[in-house]
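Work through the exercises below with the sequence and the structure at hand. Each task is followed by a solution in steps.

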Amino acid sequence: MAGKAPPPRPAPRLYLATPEVDDPSGLVAQLPELLAAADVAAVLVRLKETDQRTMISRLKQLAPVIQNAGAALLVEGHVELVARSGADGAHLSGIAALEEALPSLKPDRIAGVGGLVTRHDSMAAGEKADYVLFGEPDAKGERPSAEAIAERLQWWDELFEPPSVGFATSLEEVSEFAAAGADFVLVGDFIWADPRGASAALAEAGRVIRQAHQAAHGRVHAG
């Protein structure tokens, strides 16, 4: 008997990073429309640094809005706030931070990791994290070229099981990373800065992902 064809590869999903959250009320009002505009798997909440009680309160205001829309709420850093705020997990930077966070996150919550400079770091992180992120700016605001990020995503897709996330700073990068094999595409600042509004920008990012995915994976190419 001939073997079955592999199932079609699902399109990547969006991972939305918030601006730095101080007063969350505006975001709480905006999120329902925003999360209905595209297929958003998760929201990465970036908190303005303040006392723990205030940060937990801000997360508790955001959590039901995000989770009721079917998305996961991840906190950037601040592992100590996750359980107390009802968040779904945390995003860490670097293997040391990941390893320190794992005891408090596992097995019930998501532990994602970025800040992976080398392929060796990526492989080590992939053994423990729920996803690996490629392409985010470093402490100096510098990041690899889009071509280098796409190459890393493609390498990961071909060899490893844990999901990969591409950090996109433009619609062009959204398209490139979706085609390269990212499981998720993280979008943030350029969505919030779009003069058409964040919902329109996010909806377009979703369309771009579908088009890039279909072009790269949706059809058997001739020849």
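**Exercise 1.** In which loop is the place of His 78? Determine also its burial, its contacts and its backbone angle phi.

*Solution.* The model is a predicted one.
Step 1. His 78 sits in the loop between β3 (72–76) and α3 (79–85).
Step 2. Buried means under 20% relative accessible area. His 78 counts as buried because its relative accessibility is 16%.
Step 3. With neighbours within four places in sequence left aside, His 78 is in contact with Glu 49 and Met 55.
Step 4. The phi of His 78 is near 50°, a positive value in a residue other than glycine. Most residues other than glycine have a negative phi.

**Exercise 2.** Describe helix α6 and its part in the lining of the largest pocket.

*Solution.* Step 1. Helix α6 (residues 146–159) has 14 residues and reaches 20 Å from its first C-alpha to its last, close to the 20 Å expected.
Step 1. Its buried residues are Ala 146, Ile 149, Ala 150, Arg 152, Leu 153, Trp 155 and Trp 156.
Step 2. An α-helix has 3.6 residues a turn, so residues three or four places apart point the same way.
Step 3. The cover over the buried residues of α6 includes α5 (119–126), β6 (131–134), β7 (164–167) and α7 (171–180).
Step 4. The largest pocket holds about 530 Å³ of space. Its lining has 26 residues, with Gly 115, Gly 135, Glu 136, Pro 137 and Asp 138 nearest its centre.
Step 5. Two or more lining residues come from each of β2 (40–47), β4 (89–93), β6 and α6. The largest share, four residues, is that of α6.
Step 6. By class, the lining of the largest pocket has twelve nonpolar, five polar and nine charged residues.

**Exercise 3.** What lines the second largest pocket?

*Solution.* Step 1. About 180 Å³ of space lies in this pocket.
Step 1. It is lined by 14 residues, and Arg 9, Pro 10, Asp 157, Ala 182 and Asp 183 lie nearest its centre.
Step 2. The lining divides into nine nonpolar, no polar and five charged residues.

**Exercise 4.** Follow Ile 191 from the largest nonpolar core to helix α9.

*Solution.* Step 1. The largest nonpolar core has 64 residues; Ile 191 is among those that touch the most other members, as are Val 45, Ile 66, Leu 73, Val 187 and Leu 202.
Step 1. Beyond four places in sequence, Ile 191 is in contact with Leu 16, Gly 197, Ala 198, Ala 201, Leu 202 and Ala 205.
Step 2. Helix α9 (residues 198–218) has 21 residues and reaches 28 Å from its first C-alpha to its last, close to the 30 Å expected.
Step 3. The buried residues of α9 include Ala 198, Ala 201, Leu 202 and Ala 205. Those buried residues pack against β1 (13–21), α1 (25–36), β2, α7, β8 (184–187) and α8 (189–192).

Notes:
Residues numbered from 1 in each chain as written. Predicted model: local features only at pLDDT ≥ 70, side-chain atom pairs only at ≥ 80, totals over all residues. Heavy atoms only, no water. Expected span 1.5 Å × (residues − 1). Buried < 20%, exposed > 50% of the residue type's maximum accessible area, 1.4 Å probe, protein only. Contact = heavy atoms within 4.5 Å. 1 Å grid on protein atoms, 1.4 Å probe; cavity = no way out; pocket = protein on both sides within 12 Å on 5 of 7 lines; lining within 4 Å. Points joined across faces, edges and corners; volume = space filled by probe spheres on them. Nonpolar A, V, L, I, M, F, W, Y, C, P; charged D, E, K, R; others polar. Core = buried A, V, L, I, M, F, W, Y, C linked by side-chain atoms within 4.5 Å.
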